[in-house]
Amino acid sequence: MEKVEISAPGKLMLFGEHAVVYGSPCIVTAVDQRIRVSVIADSGQSLEIEAPDVGLSGCLLEIDSLKNNNDLPKGARFVATAVGNFFDGFGIRSGLKIKTQSDFSSEFGFGSSSAVTVGVIKALSELFDVKLKDQELFNLSYKTVLDVQGVGSGFDLAAAIWGGTLWFIGGGKTVLPLKIEEVPIVVGYTGIKADTSALVRQVAGTKKEHPEAITKIFEAIALGVQEAKNALEKGNWPRVGELMNINQGLLEALGVNTRELSSLIHACREAGAFGAKLSGAGGGDCMIALIDNQIKVKVGEAITDAGGRVLRVKLGAEGVRDESNR
Ligand code: MEV
């Protein structure tokens, strides 16, 4: 039986989280930590999922009941729904064995579910010889993510597909690769797993209560994202740092910051970082600090002393790719 192996990168949000859900742009970068998905077709009637990183082993599902299966653990739901959407979209039915393996913990908020979704659909397109353009791969992956979690801009899927550093507008309306030098960044993990969907819903609730104030905050975030694009393209790191601090203040105003994130962010600023902010939904996960590379060690120690963990990643990694030796 033919086996297809695909890998897709995780991501870090640089600017514009939450506002991107409401149509503003964001800037996202792919990281050099990847998820690998291998798929084998067989003559059976079931989908078998092995995902040891999220504690799934020998998960067996009938191929005719893959979608809307809320009893499944989250890790399996993205895989099953991706397969269901692909089969329905192209009129295909087949038994499958899918194995996923990750370079990084699903706790970090690097977008493991999105990378898995992209990896599964890309692998199926190779296995069943269905030609998918990047935008079509995005659309089917985005449908899958919305089917499973109901909310999200899809920025993490774009990072997994196109890689590099991207200017992204919600739902994949615009995906523009940015030409920038390697961004000197340090990543700190709080040790707390954030619930992205819950935080997106929380912000939606705040927006309902205070529509004008929150709309103004989103507008201010969008202005900062535009300025950050220019500063990133010029490699003007002090200015990018200032814009990160402004973006962080606006995220605080949205109510998604936490004491743990703040403590890592302030430790980095005090250690001399140009700027620092949370990255992603807030509520935990990671923060990022923009630095002069000469103080990398000092900023890393500041993160550790403040109770965080430094994650070593490179930004601007390659997007989804076929790793099969065929
Ligand atoms: C989460 O990492 C980023 C959010 O903007 C949600 C999304 O864009 O899907 C909060």
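The model is predicted, with local features requiring pLDDT of at least 70 and side-chain atom pairs pLDDT 80 or more, while totals for chains, interfaces and linings use all residues. Residues are numbered from 1 along each chain as its sequence is written, and side-chain values use heavy atoms, with hydrogens and water left out.

The domain assignment of the protein chain places residues 3-179 + 316-322 in domain 1 and residues 185-311 in domain 2, the bounds coming from an automatic or database domain assignment. The C-alpha centres of the two domains are 25 Å apart. To the contact (heavy atoms within 4.5 Å), domain 1 contributes 26 residues and domain 2 contributes 37 residues. About 2600 Å² is buried between the domains, 70% of it on carbon and sulfur atoms; buried area is the accessible area (1.4 Å probe) that two parts lose on being put together, summed over both. Of the area that domain 1 buries against domain 2, 27% is supplied by Phe15, His18 and Phe108, more than by any other three residues.

Lys277 pairs with Glu17 in a salt bridge, with 2.9 Å between the closest N and O atoms. On the side of domain 1 that touches domain 2, the elements giving two or more residues are strand S1 (3-15) and strand S2 (25-42), strands being DSSP runs (E, at least two residues) and helices DSSP runs (H or I, at least four), numbered from the N terminus. The largest share of this side, 4 residues, comes from S1.

In total, the structure holds 15 salt bridges. One of them joins the side chains of Glu323 and Arg36 (3.9 Å, N to O). This pair links distant parts of the chain, 287 residues apart, with Glu323 in the segment after strand S12 (321-322) and Arg36 in strand S2.

UniProt, in an unreviewed entry, lists "domain: GHMP kinase N-terminal" for residues 79-164; such annotations may be inferred rather than shown by experiment. This span is 60% helix and 9% strand.

Note on methods
A salt bridge is a side-chain nitrogen of Lys or Arg within 4 Å of a carboxyl oxygen of Asp or Glu.
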